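Here is a short report on one structure.

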Amino acid sequence: MTRILTWSRDGTARLWDITVDEDFPKQHLALLVGVATGTTMDDYRNIAVLSKEKWEACRKAYIDICEKHLKTCKYKNKNLYLNYQKPMWDKQ
């Protein structure tokens, strides 16, 4: 999987290309998917919607990982967090 489609109640839809950030730590991709989609998947591939509190905790953990990753990121022009998510979240 290289793309994730997300949508919200306000009619906004986004197509995320998660392969953009070539050196993002792969062990954190599930966290990225959870934050982007607001869902989680268990070991049996059951999908559940994250509560607001759980999503906010996941988002904080993801931001912390992304901020640390920026210190060693080799491809900042392709960094998903730096180029798309951070500017969007900073507006709020």
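Leu 5, Trp 7 and Leu 15 make a nonpolar surface patch of about 400 Å². Patch residues have over 30% relative accessible area and no salt bridge; like charges are joined within 9 Å, and nonpolar side chains (Val, Leu, Ile, Met, Phe, Trp, Tyr) within 5 Å. A salt bridge here is a side-chain nitrogen of Lys or Arg within 4 Å of a carboxyl oxygen of Asp or Glu. Areas come from the Shrake-Rupley method with a 1.4 Å probe, and for residues only the protein chains shown count as cover.

The model is predicted: local features need pLDDT of at least 70, side-chain atom pairs count only at pLDDT 80 or more, and totals for chains, interfaces and linings use all residues. Residues are numbered from 1 along each chain as its sequence is written, and side-chain values use heavy atoms, with hydrogens and water left out.

Leu 15 sits in strand β2 (residues 13-17). Strands (E, at least two residues) and helices (H or I, at least four) are DSSP runs, numbered from the N terminus. Leu 15 is exposed, at a relative accessible area of 57%. Exposed means over 50%, buried under 20%, and partly exposed in between (1.4 Å probe, protein chains only).

**Aromatic rings**

How many aromatic pairs are there? The count comes to 2. Rings of Phe, Tyr and Trp (its six-membered ring) pair if their centres lie within 6.5 Å; planes under 30 degrees apart are stacked, over 60 edge-to-face, the rest tilted.

| Pair | Centres | Planes | Type |
|---|---|---|---|
| Phe 24 and Tyr 62 | 6.0 Å | 55 degrees | tilted |
| Tyr 62 and Tyr 81 | 6.4 Å | 85 degrees | edge-to-face |

The pair of Phe 24 and Tyr 62 links distant parts of the chain, 38 residues apart. Phe 24 is in the loop between β2 and α1 (29-37), while Tyr 62 is in helix α2. Tyr 81 lies in helix α3 (residues 80-90), so its pair with Tyr 62 ties together parts 19 residues apart in sequence. Ring pairs link Phe 24, Tyr 62 and Tyr 81 into a cluster. Phe 24 is buried at 5% relative accessibility, Tyr 62 at 2% and Tyr 81 at 4%.

**His 69**

His 69 is placed in helix α2 (residues 52-70). Is His 69 buried or exposed? His 69 is buried, with a relative accessible area of 6%. Beyond its neighbours within four places in sequence, His 69 contacts (heavy atoms within 4.5 Å) Asp 21, Asp 23, Phe 24, Pro 25 and Asn 79.
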